[in-house]
Amino acid sequence: MNTLQLPDKWINYLLNLPETGMGYQVVNVVLKNGKVLHKKKVINSSILILPQNEKIKKEEIVKIETD
């Protein structure tokens, strides 16, 4: 499992959205290259959880959306 600390911009955005469960949200992450990472968990509106084989940089994120 990989984790990515989200920038303040995304933390503030996620803080204003409802939680999916206790202390986490399930989101889709859109990257600059157009790839969408579906149904990724964010803990405490600040830590993105990714599979071991998936690594991204926070600068690659252009949009975070909920279902």
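**Conventions.** I number residues from 1 along each chain as its sequence is written, and I leave out hydrogens and water, since side-chain values use heavy atoms. As the model is predicted, I require pLDDT of at least 70 for local features and pLDDT 80 or more for side-chain atom pairs, while totals for chains, interfaces and linings use all residues.

**Entry 1: asparagine 2.** I looked up the element that holds asparagine 2 and found strand E1, residues 2-5. Helices (H or I, at least four residues) and strands (E, at least two) are DSSP runs, numbered from the N terminus. I recorded a relative accessibility of 15% for asparagine 2, which therefore counts as buried. Buried is under 20% relative accessible area, exposed is over 50%, and partly exposed lies in between (1.4 Å probe, protein chains only).

I then asked which strand pairs with E1. Strand E4 (residues 47-50) does, in the antiparallel sense, over 4 bridges; pairing requires that DSSP find at least two bridges between two strands. Leucine 50 in E4 is the residue opposite asparagine 2. The covered face of E1 carries Asn2 and Leu4, and the uncovered face carries Thr3 and Gln5.

Next I listed the polar atoms around the side chain of asparagine 2. One of its polar atoms lies 3.2 Å from the backbone oxygen of proline 51, and the backbone oxygen of glutamine 52 lies 3.0 Å from a polar atom of that side chain. Beyond its neighbours within four places in sequence, asparagine 2 has contacts (heavy atoms within 4.5 Å) that include Leu48, Ile49 and Glu54.

**Entry 2: helix H1.** I checked which residues of H1 (residues 8-15) are buried, and found Trp10, Ile11 and Leu14. Seen down the helix axis, these buried residues fall within an arc of 105°, so they line one face of H1. The arc is taken from the directions between the helix axis and the C-beta atoms. Asp8, Lys9 and Leu15 are exposed on the other side of H1. The buried residues pack against E1, E2 (24-31), E3 (36-43) and E5 (61-66).

**Entry 3: nonpolar core.** I looked for buried Ala, Val, Leu, Ile, Met, Phe, Trp, Tyr and Cys residues joined through side-chain atoms within 4.5 Å, which is the definition of a nonpolar core. The largest such core has 15 residues, and those touching the most other members are Leu6, Val29, Leu48, Ile56, Ile61 and Ile64. At least two residues of this core come from each of H1, E2, E3, E4 and E5. Residues that leucine 6 touches include Ile11, Leu14, Val42 and Leu48.

**Entry 4: salt bridges.** How many salt bridges does the whole structure hold? My search returned 3, with a side-chain nitrogen of Lys or Arg within 4 Å of a carboxyl oxygen of Asp or Glu as the criterion.

Glutamate 54 meets lysine 35 at 3.7 Å, N to O. Glutamate 54 lies in the loop between E4 and E5 and lysine 35 in the loop between E2 and E3, so this pair ties together parts 19 residues apart in sequence. Lysine 35 has 43% relative accessibility and is partly exposed, whereas glutamate 54 is buried at 13%.

Lysine 40 and glutamate 54 meet at 3.4 Å, N to O. This pair links strand E3 with the loop between E4 and E5, 14 residues apart, and both residues are buried.

Lysine 63 and glutamate 65 form a salt bridge at 3.4 Å, N to O. Through shared partners, Lys35, Lys40 and Glu54 are joined into one network.

Definitions and conventions: A polar contact is a pair of N or O atoms within 3.5 Å; within protein, one must be able to donate a hydrogen and the other to accept it, and residues adjacent in sequence count only if both atoms are side-chain atoms.
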